[in-house]
Amino acid sequence: MKFKNIQFSIILSTIVFFSSCEDQLDLTPAQSVDQEIALNSDANIKRVLIGAYANMRHEDFWGGRSILYAEMLSANNEIRWEGTFNQPREVFNKSIFTNNSFITNTWLRSYSAINVVNNILDVIDLVDEADRDRVMGEALFIRGAIYFELAKLYGMPYVSGNTNTNLAVPLVLSPTREVSAADLLPRNSVEEVYQQALTDLETAEELLPATNGFFARNYVASALLSRIYLQMERFADARDAADRSITIATANGKSLLDNYMSAFNNEADTQEDLFAIQVNPQDPANNMHLFYSTPDFGGRDGDVTILDAHINQYEERDERLEQFVERAGEIRTDKWRDQFRNVKVIRLAEMYLTRAETNFREGTSVGATPLEDINLIRTRVNLPEKNSLTLEEILMERKLELAHEGHFIHDVKRTRGEIQDNNSNDLQYDYDDPRLVLPIPQREMDANPELVQNPGYGG
Amino acid sequence: MQRSLLIVMMMLLAWPMTGWTQSRTVTGQVISGEDNLTLPGVNVSIKNTNRGTVTDIDGTYSISASSGETLIYSYIGFIPQEVEVGNQNTIDITLQPDAQTLGEVVVVGYGSVTRGDLTGNVASLKGSEIANVPVPSFQEALQGRMSGVFVESSSGKVGEGVKIRVRGTSSISGGNEPLYVIDGIPVTSSGTIGKSNPLADINFNDIESFEVLKDASAAAIYGARASNGVVLITTKSGTSGKTKFNVGIQRGISSPTRRNEFLNSAQYIELMRESGYNNDLANGLDPINNPADYEDSDLEFVEGRLDRYAGHTDWRDGAVDTDWQEQAFNPDAGVTNVNFSASGGDEKTRFYFSTSYDKQDGIMIRNNFERISGRLNLDHKVSDRFTLGANFSLARTETTRLPEDNQFNNPIQLVALAPITPIRDENGVLNDRPTTTYYNNLIDSENANWLSTSYRNINSIFGEYEFTENLKFRSDFAVDIINQSDERFFGSRTITGQGTNGYGTSRWVRVFNYNTNNYFTYSNTFSDRHQLEAVAGMSFQKSEDNYTRVDGQEFPLDDLKTLESAAEIVEGTSTFTDFSFLSYFSRINYKLDDKYLMTVSARYDASSRFGENNKYGFFPAGSLGWIVTEEGFLKGSEGLSLLKLRTSYGLTGNAEIGNFDHLGLFGPVSYGLQPGLEPTQIPNPNLTWETTAQFNLGIEFGFFNDRITGELDYYDKQTSDLLLLVPVPGTTGFATQRQNIGKMQNYGFEVVLNSANYADQNFSWNTSFNFARNINRVRELAEGQNSIPPSSSRFLNGIFIGESIGVFYGPRYAGVDPNNGDALYYSNEQQTETTSDYNEAARMVVGDPNPDFIAGITNNITYKNLELSFLFQGVFGNEIYEGGGGFYAANGDWFDNSTAIQFNRWQEPGDITNIPQARLGECNGCNASSRYISDGSYVRLKTLSLGYNLPSSLIDKMRVSSARIYLMAQNLLTFTNYMGWDPEVNADYLGSTTSDSNVFQGNDFYSAPQAKTFSLGLNIGF
């Protein structure tokens, strides 16, 4: 009897057990959701929009590296890379390997952000009508900003001509739901990518409101448009965009800060910030701080040194000289000193400088005279007002005001200047030197046979 | 009754006979050479008579014999011994186990077979053979002992993961570690925090045997998880009889196997000044001969740096010469082990009980390992038909851990600091940047703590019920629970906590893994010729992983280290993930006439890890064997005592991929403290396991009554449907998609030879040799894809069709231009042209991290009570790339201290050297190239042990049954041409993802050398 019970209970429990196991095969992840859920409602799509910013703010892009590349390319014997990371060092030496992991990740991150944007645009009709313009405007702002940045980093300068044959990056305008041969896209021309960036940002400028927290606003789109027009030498358009940006921004409480150095190392956007990447201990990536700061402020070892050749360009009494402090054995700039501080992308000062330069070039005084705008910048830093201006003076003011913020290389390129090599006195790089253009990442060349490598980087 | 009467009569008859020979009473004790425990039940007989006795429960015996007679000691599973009585009254005997007897029981999946009946390839090792080896995990102790099983510790850091490859690497981006099964339960072997090794929680003194299932026939019963081989571990169980106690203690000291030589202060100063001065000369300046040139010269820059690095001292007077390398090593490194076990029982109930304490003070500073473990294995016969049992084990493992190799606070990175830098300043405070070139991580020793604590339970219960003599059912249920916490605190002076008044992290993980096996076993013999055994059943496994992490900073003072004191919590996360397997399996063994063998097995596996279109898979295997020596024409052959041929073919799978790789997913992100979502994965509903088809052909032989035995095996593993992270155009928004694509092949042969070279009463000598050659080839990648080139500019490993996985691919270094000191690279593959422009260099395969072959040879020698055992282990034909070379072997490119050999740099035209001219910051030859590759072959005296068993006269007085003292040395000698620290190396930080850990092989990046350990121990049985 006893054994029969055992036999029976074995058989019974086995049957019950087997049937319950089958259910255990359909497990779902706890940290992710299915793509259908993410894109099926107004609320969720707005979360995906935050995801687009999160990609754009990543250290690979505006979390620092796109600025770092600009600075390394334009070292010009004014700064020196001393860190152990070989990725920035290669850029600094203008001897970049096609498998440079920073540059590879910047490419991947940019297109990741573009894919998020394309996903949002694909289902934009599901967004509540009241918010639809704003959501679409922000998405287009992000895409336009990224295409412009990619065109500058991976393509020849616009002013070097042949914009219909010089290659920038592939244009992707629809979301990826599966991978197929249709995804093997060739690079579009510099012209096409610039035009796409213009279209996206012009539409964004129209759709966006003037107040939207630290997210994209219409005057931020105007500011970016002014940058694009400058690169294209469409000075009148650049002037008007800068003027629009200044007008709306100042009407919404933006202004230059009294003290130059208080425009940096900020936990929140200041009056002077038109657009900044939000950094905090939860979201700590700021690669400019990481490499430019020193251990006492949570940075690496002080990987970038500011050289005398740079400092000597400032006039005496220029308060901007206060940024140069000896830390960790060398001179550093304090613009990136503190940890967990926002990454400056567009400061209002840039718009005054752009308006001054373009008014000067066009012989106009839209919004203000060039002299008024330049003196606004100069008096803030305790410099005497000027009575007359040359283009060189405007460009020098621009260089010093925006130094170490990722501008100089792009100004050198559009003004057809040159960059001095740090190691060899006899070596200069012309504005259109292919060595000032990043390589298409090797992993991308391998994954996509349609791509053509940039000159000077092998096949 | 009748039989015992007969024996009594015979003894009575024999009695008077002793009267007319010179008879004496011989007494003694028989000990097993396997574990030094006494052997009850050994037959002690007198040669050419039918007189005899058996040893009692203490292994002692007493027999009357005349001096001219010879005693024969025999016991199943041991080599018999003969001893002439002579004038001895006491004869103590140690019987050596006969490892290769056909009667040896080999554990296989869901059962066991005798070795003679085995048709698959299974490597076995008795736990006793690695007892007392002073290493933290059993994996390290297996090194060199089993053919075709490659074992590599990534560095000399204790408690870190150990790589095991059974018959090569069969996956590119899936896991390649074998499945570990302890007492029938697939245990958790990964998924704990950081680089910690969950298998280091296992006390290997508790292990009775290891079996590694290598071919398809043996492994296919583990189906979708068997491609990488299966390691079956059986723990000890009790034997009925008097309770046996065993106590062991062991103490030892450790030191690094090898050191690297670095420049002293004078050499460093000379090289760095020369490096700057060379730049000046190239720029038309001569700051030495023309003082006007000094300002803003590179020489001035260098001397400014030397001033900085000398701190409060003056580098010009040569007072400071710091050996930073020595600072990284722990002068008090060593091992301690104390263990106790008891086993015994009666006819119904048997038990094995043990407890153990193990401590390893690592050879690196700040790196210790401590394990306390206990086990109780119990089984009870409820009735003739029904048996119940349970195995309980509990371990606590504490490791003070080190960061990954690429971190500034990895102790070995101290070698980068300048020898002119004093360790401490004039106030006795540790120097840090800017005085030190990089972070002085000795500060971590004073101002940081990092403790990882793991609690591990592996508990199982089982019941076995015999329906009839031929049919039984076994059911077991087991849980394997890991509870691990990892507490880190970096004080305000450390590199990590400096900017934030300290930085603390608390991590916690729980892995809960449960498993049940339920199966029937049927065995029967028909017509005396047909022996049949069949197994059929199911198993279900589910594993759940909970993880939380909190990071905080801004501590009021360094004495308050828990996150309660952190003013700012900067990171907090928790995650959950799980997977499940549901499987049905069956195996049939058939034997005809004791000489024709056949096994067929199959498993039907389903897993939550696979896409909905491919959730279920079928893994069949079959094998045939023929014991030729059982045939009439060979039976009884004098020389050839065994000849067995066997062959197998079958399919196995590899399911070691992420838990949800088949789904299209959006994951969480945040920006500006607002929650967001982003796409994280493209769907692949077709995703399924990798399939390996393996063919095996083997021959087993024995000569001269099995004095010499061996095995030869040839195998061919063809893996298809590789789970490959296929690079997709980044313009899609994704970098990779996991697809079943690509093929890989591993083929080779294995040799095992065992020889009982000599054995008599006083002296025995056994040799065991294993050798394995594995050839790994990538056969196919994604369509149109010929390679996955190196993804890093610092390391060279890539994947190329027709080559081994992870070959080094990059420029081939062509030495130094004697005219100008330029580093040269070959600019064409034919290696006829050279260039000094690194970007112009031709890229080619310049090395292979995979060994051509591995081998091990063990000798066991006993002389009277002395035992000597030594294992030489070797790895041959692999190359190692020194990723740190670009810093410490870069001819003074930057201010890192250089290895001594860099002093042979090119200095003037005509110099013939391999070290380029020193040029500060110009990377003259510092880029990744074959310059930093060297031969990684090595031979090691892995284990040497010398033991002495106290004679019975002495142990009787001590009232114990056995006592043994021993000296044991690990990694005593290493023979290699490797340029870096130790050739058993693989930089740990490169394996952050599974695919990276497969590809990035054979790299050294400031990785700790292995430990060399001398220990002294004592084992007492009573």
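A:Asp34 stands opposite B:Leu665 in strand E30 of chain B. The model is predicted: local features need pLDDT of at least 70, side-chain atom pairs count only at pLDDT 80 or more, and totals for chains, interfaces and linings use all residues. Residues are numbered from 1 along each chain as its sequence is written, while chains are lettered from A and ligands numbered from 1 in the order in which they are written. Helices (H or I, at least four residues) and strands (E, at least two) are DSSP runs, numbered from the N terminus.

**Sheet across the two chains**

- E1(A), E30(B) and E31(B) form, in that order, an open sheet of three strands with antiparallel pairing.
- Strand E1 (33-34) of chain A and strand E31 (674-681) of chain B stand at the edges with a single partner strand each, so one side of each is left without a neighbour in the sheet.
- E1(A) is joined to E30 (residues 665-671) of chain B by two bridges, and the two strands run antiparallel; strands pair if DSSP finds at least two bridges between them.
- Helix H3 (residues 42-56) of chain A lies across E30 and E31 of chain B, at about 80 degrees to E31(B).
- Axes are lines fitted to C-alpha atoms, for helices over the stretch in contact, with angles running from 0 to 180 degrees between N-to-C directions.

**Contact between chains A and B**

- Chain A gives 72 residues to the contact and chain B gives 68 residues; two residues are in contact if their C-beta atoms, placed from the backbone, lie within 7 Å.
- Elements of chain A that give two or more residues to the side touching chain B include helix H1 (2-23), E1, H3 and helix H6 (101-122).
- H6(A) supplies the largest share of that side, nine residues.

**Nonpolar cores**

- The largest nonpolar core has 272 residues, and those with the most contacts inside it are A:Ala52, A:Ile142 and A:Ala151.
- Helix H7 (residues 129-154) of chain A gives the most to this core, with 14 residues.
- A second, separate core of 21 residues includes B:Leu39, B:Leu71, B:Tyr75 and B:Val83.
- A nonpolar core is a set of buried Ala, Val, Leu, Ile, Met, Phe, Trp, Tyr and Cys residues joined through C-beta atoms within 7 Å.
- Among the residues that A:Ile142 touches, leaving out those up to four places away in sequence, are A:Ala52, A:Tyr53 and A:Met56.

**Helix pair in chain B**

- The axes of helix H4 (residues 265-282) and helix H5 (residues 298-310) of chain B come within 7 Å and cross at roughly 155 degrees.
- That makes H4(B) roughly antiparallel to H5(B); angles under 35 degrees count as roughly parallel, over 145 as roughly antiparallel, 65 to 115 as roughly perpendicular and the rest as oblique.
- Residues making the contact include B:Ile269 and B:Met272 of H4(B), and B:Phe301 and B:Leu306 of H5(B).

**A loop residue in chain B**

- B:Glu833 lies in the loop between strand E42 (823-826) and strand E43 (834-835) of chain B.
- With 14 C-beta neighbours inside 10 Å, B:Glu833 counts as partly exposed; a residue is buried if 20 or more other C-beta atoms lie within 10 Å of its own, exposed if 12 or fewer, and partly exposed in between, with C-beta atoms placed from the backbone.
- B:Glu833 touches B:Tyr826, B:Ser827 and B:Asn828, not counting residues up to four places away in sequence.
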